[in-house]
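Hi,

Here is the structure I promised to pass on. Please open it first, then read my notes below.

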Amino acid sequence: MAEPFLSVDRLQTHFPIRRGVLRRTVGAVQAVDGVSFAVERGETLGLVGESGCGKTTVGRSLLRLVEPTGGEVTLGGVDVRRVSGGKLRALRRRMQVVFQDPYGSLNPRMTVRGILEEGLIVHRMGSASERVERMQRALERTGMPADALRRYPHEFSGGQRQRIAIARALVLEPEFLVLDEPVSALDVSIQAQVVNLLVDLRRDLGLTFLFISHDLSVVEYLSDRVAVMYLGRFVETASAAKLYREPLHPYTQALFSAVPSVDPERRRNRIILPGDVPSPSKPPSGCRFHPRCPLAESVCRTVDPPEVAIDGHRVHCHVAARELEQAGGDVAAASRQIAGMIAAQTSSARAVPSASV
Ligand code: SF4
């Protein structure tokens with residue numbers, strides 16, 4: 001079988017906690033702790049989870065904007081963690097990122113030309129006139145006028161700035177884009193335009209996306225598959241259609257219970273989880289979700305749940321594994337059963353219309 005375009009195996013990114021005059025390492029923030037997934041060329045993997053769950057660190061680790069502390073990452077056959085020098089530079093051209101904040105991510109002292117040309121010069125792409133042509137093409141693709149090159153970021157609206165940020169990534173002709181909350185800072189009316197632009201670019205240029213967002217509705221619209229992250233780990237991954245319709249993991253059920261739906265089959269009572277997300281420097285034993293899980297059993301406190309996979313639907317949960325087995329592998333039936341169990345356990349269940357977590 002052909003290798004996937006992006007392959008991530010047990011990715012780990014821990015940040016040391018240092019204390020005292022000698023700055024001794026006294027612990028580690030386990031921002032990402034053993035995450036594995038694959039993305040096919042042209043596919044969009046959505047990544048969702050509460051703030052601080054590690055989803056941004058996953059994106060940055062793939063691009064080596066932060067150095068992973070363990071695991072393997074392969075992009076198009078290149079071992080991302082082991083390349084250096086010119087090979088790393090060449091790889092970085094193929095992997096670009098668009099950040100959330102179009103105000104902070106563009107240097108206000110540089111013209112749009114300076115911002116777009118910087119990467120072309122670093123990667124030694126084209127003569128001066130070829131670079132101008134490339135920049136004009138990238139601006140055109142993102143719906144910006146060519147004369148934007150002469151202007152400064154402050155002359156543009158938030159939506160236009162995000163288009164410029166996307167053009168800055170596109171000008172290098174990448175194959176893989178990490179989109180880190182790319183529409184979260186924009187007005188709702190502008191969000192749809194930028195999301196549609198991303199859909200067009202993916203189709204026209206054959207791009208592969210890792211789409212990171214806390215907005216579950218946008219993630220569903222844009223993603224082929226979605227991974228749910230909790231405290232540095234993936235807890236469930238499936239096609240967007242399956243995951244939103246038949247979530248198995250109690251955390252996914254709680255997360256999606258906040259999404260309004262016109263589909264009666266997808267309408268759920270809102271599940272309010274108790275407590276806050278624990279510190280990633282001291283993750284709970286066993287299943288990391290157990291202190292907040294309405295279905296936690298004694299085994300959950302001590303044994304890390306292994307992955308169970310059915311038709312590409314992957315979940316880490318003891319109860320989900322058992323329910324799947326009892327349902328003879330029928331994911332829809334197991335999902336309904338788990339939802340019923342949570343409803344029975346959750347006295348605060350009530351319908352709340354909200355689009356995000
Ligand atoms: Fe809840 Fe246990 Fe499943 Fe973890 S393994 S999500 S604690 S039921």
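**What I found**

Mean pLDDT for the chain is 91, and 94% of its residues reach 70 or more. Keep in mind that this is a predicted model. One stretch needs a flag: over residues 349–357, pLDDT stays under 50. The model has 25 contacts beyond four places in sequence for residues 349–357.

**Helix pairs**

Two packed helices are described by the angle between their axes and the distance between the axes.

Start with helix α3 (residues 112–122) and helix α4 (residues 128–141). Their axes come within 10 Å and cross at roughly 120 degrees. The crossing of α3 past α4 is right-handed. On the α3 side, the contact uses Val-112, Arg-113, Leu-116, Glu-117, Leu-120 and Ile-121. From α4 come Arg-131, Val-132, Arg-134, Met-135 and Leu-139. By class, that contact of α3 with α4 has seven nonpolar and four charged residues, and no polar ones.

Next, helix α5 (residues 158–170) packs with helix α6 (residues 188–205). The angle is about 20 degrees, and the axes are 10 Å apart. An angle under 35 degrees counts as roughly parallel, so α5 is roughly parallel to α6. α5 passes α6 in a right-handed crossing. Gly-159, Gln-162, Arg-163, Ile-166 and Leu-170 are the α5 residues in contact. They meet Ile-190, Gln-193, Val-194, Leu-197, Leu-198, Leu-201 and Leu-205 of α6. The α5 and α6 contact residues divide into eight nonpolar, three polar and one charged.

Last, helix α11 (residues 318–326) and helix α12 (residues 331–345). Here the axes come within 9 Å and cross at roughly 130 degrees. That angle makes α11 oblique to α12. The α11 and α12 crossing is right-handed. α11 brings Val-319, Ala-320, Arg-322, Glu-323 and Leu-324 to the contact. α12 brings Val-331, Ala-334, Gln-337, Ile-338 and Met-341. Seven nonpolar, one polar and two charged residues make up the contact of α11 with α12.

**Aromatic pairs**

How many aromatic pairs are there? The count comes to five. One of them is Phe-37 with Phe-234, a stacked pair. The rings sit 5.3 Å centre to centre, with 25 degrees between the planes. Phe-37 lies in strand β2 (residues 24–39) and Phe-234 in strand β10 (residues 233–239), so the pair ties together parts that are 197 residues apart in sequence.

Best wishes

Note on methods. Residues numbered from 1 in each chain as written. Predicted model: local features only at pLDDT ≥ 70, side-chain atom pairs only at ≥ 80, totals over all residues. Heavy atoms only, no water. Axes fitted to C-alpha atoms, helices over the stretch in contact; angles between N-to-C directions. Helix = DSSP H or I, 4+ residues; strand = E, 2+ residues; numbered from the N terminus. Parallel < 35°, antiparallel > 145°, perpendicular 65-115°, else oblique. Left-handed = near helix turned anticlockwise from the far one by under 90°. Contact = heavy atoms within 4.5 Å. Nonpolar A, V, L, I, M, F, W, Y, C, P; charged D, E, K, R; others polar. pLDDT = per-residue confidence, 0-100. Phe/Tyr/Trp six-rings, centres within 6.5 Å; stacked < 30°, edge-to-face > 60°.
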